[in-house]
Amino acid sequence: MMREKKKTNWLLTIILILGTVTVFFPLYMAVIIAFKQPSEMTNDVAGALSFPAKWSLDNFKQAMEVTDFWHSLGNSLLITLTTIVLAILIHSIAGYVIGRGMARRKSFRFIYLYIVSGMFVPFSILMMPLVKQTAQMGLGNRAGVILLYLVFYMPMNVLLYTGYLKNIPLALEEAADIDGASTWKTYWKIVFPMMMPMHATVAILTALGTWNDVMTPLVIMSGTGQNTLPLAQLSFQTQFGTNYNLAFASYILALIPILIFYIICQKQILNGVANGAVKG
Amino acid sequence: MKKKMTNQDKTFWAVIIPVLILFFTFNTLPMIKGVIYSFTNYRGYGFYDYVGFRNYIDLFTDARVGKSYLFTFKYALAGTILVNVLSLIMALGLNSRIRFKSALRGIYFVPNILGGLVIGYIFSFIFTYILPAFGNTFNIGFLQNSILASEKYAWIGVLIVGVWQAVAMNTIIYISGLQTVPQDIYEASMLDGASKWKEFWKVTLPLVMPFVTINLVLSTKNFLMVFDQIMSLTKGGPAQSTESISYIIYRNGMDGGQFGFQSANAVIFFLVIVAISVFQMTVMNKKEEQL
């Protein structure tokens, strides 16, 4: 019986390996189309599934030019990275203040509920007034998008940070207090470094959300001529026309950065997502 | 000591007040504005008047809006059920004694990290060209034309893409749920001679119930707010059969001159989401307690 317990279930392993076709097939199609020439696009199954005649990077070069790839990539990186850094700094201290304040005061309990309930507000109801408002405030640009992300992700991140705070013993802060350290200093020197695992979770959840988001930059930055990587795919649909090979080269280019990030930090991402959902 | 406490309080308020101002300005304020606009005939530009509840009354008689609610609910219901069943099965598989466990888990999560818009474009091509090619070669009738061009079946295309991406996310959550189940419980049920089937319903499922709640609420909310996939797969067509609520608010509110009317739609949509989430959580909480 003990031996049976340790045996690998090979049948299930094989089924699960075969099942990865559902993940790989669309990506395989996208890659081979991106490398083909329009003349190679046929309507029969064998032709559609076959490798391109030659693996040339011409489509990718052309797609980079047409969609101004480096510029869009730069915008996406700028927006996502700034959002992550500010989210970790601002949301963590907000979570700390709310979490610790809640224990002693009703007002902070109320602030907690106020901010966390923002999770249920769909973007649709905010969208139209926000477009007007950001335009009036001169924020119909990348800075505005970052600011909005900081607000949109605040409920989830504050929830995560206040939840995590329960793992950090109050004794440390009290000791620092007796040593004469200010609350501000105690937070950044003692509590902030201790929340490192939660910073990773917050960074990953915020990054996945903002990197792939289309709607916010679409409505806020329209008319600035600036694109994020996903938004560029939407903006250049007419330029792609029926040249699917060019379009798919561009799609692949848009998917590569996040795939690289995923391959490097796969473990942290899976842990982060699981942590976030369970604690949230 | 008392003086110190006041200092701490000062720091706390100094931190939280700017945060609250930020949150109010870009979350609560636009929401209030949205509610106010919902009582006007604002077109997005020019002058406007207050029209009382007329937008709300019109919402209930507007065929296009009604159709979008029907589509969105149908989509969210089918999506939520499919995703939760599939991801629970996937999680059970990926959590059992298999080889290449972490590699397989890693691969099955890939759909979730890729953006909905680009994935939509890729699937759109598959639905429009590749599947009909299969259909023609192997003479499968319903595949011979693009399902996205069919008023009746286009929503299934959108559903497939939505499910493909959401299963990845919910599987990870179910896996972490299954890992909270202590191994000795399984050993006990094995000694009792319970079948695998019985073990799942009597032991595993009740223990992962909190994760079912998380996944139900999460996936329902995400499916109700579907936007990217509509944008890249169907643009609401054919014949407005796949217009989601988010999509119609965006399309007609931003460009269609229905700023006020769609604001009313957004308010109702918000109430619907809150009501459904609260309902799911209370029902599931009761379930969890009973077990």
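## Interface and fold of chain A

In this predicted model, 62 residues of chain A are in contact with 72 residues of chain B, contact meaning that the C-beta atoms of two residues, placed from the backbone, lie within 7 Å. Helix 8 (residues 123-136) of chain A supplies the largest share of the side of chain A that touches chain B, eight residues. The residues on that side divide as tabulated below.

| Class on the side of chain A that touches chain B | Residues |
|---|---|
| Nonpolar (Ala, Val, Leu, Ile, Met, Phe, Trp, Tyr, Cys, Pro) | 46 residues |
| Polar (the others, Gly among them) | 13 residues |

Residues are numbered from 1 along each chain as its sequence is written, and chains are lettered from A and ligands numbered from 1 in the order in which they are written. Local features need pLDDT of at least 70 and side-chain atom pairs count only at pLDDT 80 or more, whereas totals for chains, interfaces and linings use all residues.

Chain A comprises 18 helices and zero strands (DSSP runs numbered from the N terminus: H or I, at least four residues, for helices; E, at least two, for strands). Of its 280 residues, 43% count as buried.

Helix 12 (residues 183-194) of chain A has T183(A), T186(A), Y187(A) and V191(A) as its buried residues (20 or more other C-beta atoms within 10 Å of their own, with C-beta atoms placed from the backbone; exposed means 12 or fewer, partly exposed in between). Seen down the axis of helix 12 of chain A, these buried residues fall within an arc of 95°, so they line one face of the helix (the arc is that of the directions from the helix axis to the C-beta atoms). The face turned away from the buried side of helix 12 of chain A carries the exposed residues K185(A), K189(A) and P193(A).
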